[in-house]
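Biologist: I would like to learn how to read a model like this one. Please take me through it feature by feature.

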Amino acid sequence: FDYYHHSKPSTKVGNFMVTGSWLGGEGRYAWNDYVHSNTFDPVFTSLGEDFYITIGRESFTKKVLSQHDAVLIINPDNPKVVPQIPVITDAEIKNVRDFVYRGGSLMVMINAGGIDRTSEDFESVQLRKLVRSFGLDWNNDDTHYSDVEIGATHPYFYDVPVFHYGAGCTIQILPGAEQPETLMEVASDAGYPDRHIKGPGMVLVRHGKGKMILVGDAGSWTGNMSRPWAENDRILKQLFMYLKPDNGAVMPQYPVDKSMEYDVTISGLQAIPNANSISQIPKEGYEMFKPRERTNMPYLEGTAKLVLTNKAVSADQSLNMEAAVSGFKWFNKLVSDTVQRIRFVSSRQGKVSNIDVNGKAAAWLAPEMSSAVALTPVEGIRPGDKWLSQEWLRIPVLDGTSVSPVRNLELEVTYVRDEMMNGIKCRLYRSADELWLNDLNIKAGDLLPDAIMNRVGGSHFKFFNERGGKLLFKKEQWVDVRTGVVIKARNQSRILAWIEDTRKKVDLSNADKDNSMILSLAQIITLDLKK
């Protein structure tokens, strides 16, 4: 983060406080200033776990640049306002361009222009020379404080309904720009009389092996990250992933009308002691596994064929996907003799949304669609990288043939490593966690059949403790490095809960409590792409 061309806080308040200026640009967008609303401390806090951030207090020499993967320039100070801060030199511009050409990344964040924005003024002559050398420029306009609706199918950002563009400008893409990509379109605030201001607010271009990103607003990442109706923090983390040097990780490639067939297998196993009243609940369609002579463990098996097809590509680069489900069986019993369909949308990155189903077999398999398509956030991911994604997670229940409840969770996805799967080099993505059931808003009634919970006189079953127990899960995807297509997906989950029968006296010992209350429900679902 360049603070050689940008001043640190120097405005004194009373005897003990130093902060950025409230009248001019001096000391704004700095660090370790928890007083001013226009500081970058929220950025450092947000990115600190995933990036090693340094505070740059030297000029852009070749030696300094060689020690970093990315450089961020934020509103370099205008010498008319802060004369003691050096201006970016021509030599520095050449060094930065060479740094990007060799594979480094550069991000420049500026602010709105115009006579109403003098307090956000920045050095524009040399900075414009640098920015224009990459085929970009900025307009001296002002969107004012504008909310941007992202939408579920956005090609560059995901899981964000609203982003707040904190009074920024729009960006020009010049003829010399190399492979320009508009990451986000912005427009004037709805309450601003002049609504004609609209255009790119974030643009990425290439230069040699590297990339440059111009962002028309620095204020989006300061106090505006506290706006409770917007998700600027999530956008920030996703935006900074684009600074990672490219590693050739391709987005999911699904040519229109080309089908991919998966074999689906389902297995489930229950462990319920005989002393537990739940063991007496009928389990139609199950078979029994007998590890010991007097022990019966109900288990379930299912198979199906799933054919995935991209039906069309939308203007925002999202894919209109269809999954045709056929031959769905529990053991050898066919669920339906017709093909049932799951329709959904996949963004350019592979984010699944807008799921629509017809039929019970399709409804049962619908939560697996986000496993059939892999979310790949940027081309620059490497083994060990992590990103967040809100995903639907299936909850194992006593009657596994019924459509299960699902919960929407924010999962941390890890790119674990590259490995071979079915003779194909793949990227392994994994999410895993163990969570208290009450944190997922799961109650005993969610696990047991409706007929048991809705009986006349009320149910006899409730969690022994308000936490209920735990859900353990692991989601894995093996993604073809050449095409971004899922070669194999496997979802494993298990619930371990203590459910009290209120008709019985609670036992004193933990061993007896386990014998009369414990419930284990395990489930494994796999999707294998047929060669």
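Modeller: Glu49, Asp50, Glu412, Asp433 and Glu434 form a negative surface patch. This is a predicted model, where local features need pLDDT of at least 70, side-chain atom pairs count only at pLDDT 80 or more, and totals for chains, interfaces and linings use all residues. Residues are numbered from 1 along each chain as its sequence is written, and side-chain values use heavy atoms, with hydrogens and water left out.

Biologist: What makes a patch?

Modeller: Patch residues have over 30% relative accessible area and no salt bridge; like charges are joined within 9 Å, nonpolar side chains (Val, Leu, Ile, Met, Phe, Trp, Tyr) within 5 Å. A salt bridge puts a side-chain nitrogen of Lys or Arg within 4 Å of a carboxyl oxygen of Asp or Glu. Areas come from the Shrake-Rupley method with a 1.4 Å probe; for residues, only the protein chains shown count as cover. Asp and Glu count as negative, Lys and Arg as positive; His and the chain ends are not counted. The place of a charge is NZ of Lys, CZ of Arg, CG of Asp or CD of Glu.

Biologist: Where is Glu49, and why does Glu49 count as exposed?

Modeller: Glu49 is in the loop between α1 (41-47) and α2 (62-65). Glu49 counts as exposed because its relative accessibility is 78%. The cut-offs: buried is under 20% relative accessible area, exposed over 50%, partly exposed in between.

Biologist: Which secondary structure does the protein chain have?

Modeller: The protein chain has 10 helices and 25 strands. These are DSSP runs numbered from the N terminus: helices are H or I with at least four residues, strands E with at least two.

Biologist: How do I read strand pairing?

Modeller: Two strands pair if DSSP finds at least two bridges between them. Take β15 (residues 319-330), with nine of its 12 residues buried. β15 runs antiparallel to β14 (residues 297-313), joined by 10 bridges. Val307 has Ala324 in β15 as its bridge partner. Five residues lie between β14 and β15 in their hairpin, and Gln317 in the turn has a positive phi of about 75 degrees.

Biologist: Which other strands pair with β15?

Modeller: β17 (residues 340-346) pairs with β15 over seven antiparallel bridges. There, Glu322 stands opposite Arg343 in β17. β16 (residues 333-334) also pairs with β15 in the antiparallel sense, over two bridges. Lys329 has Leu334 in β16 as its bridge partner.

Biologist: And a helix?

Modeller: Helix α5 (residues 232-241) is mostly covered, with eight of its 10 residues buried. Among them are Ile235, Leu239 and Phe240.

Terms used
Buried < 20%, exposed > 50% of the residue type's maximum accessible area, 1.4 Å probe, protein only.
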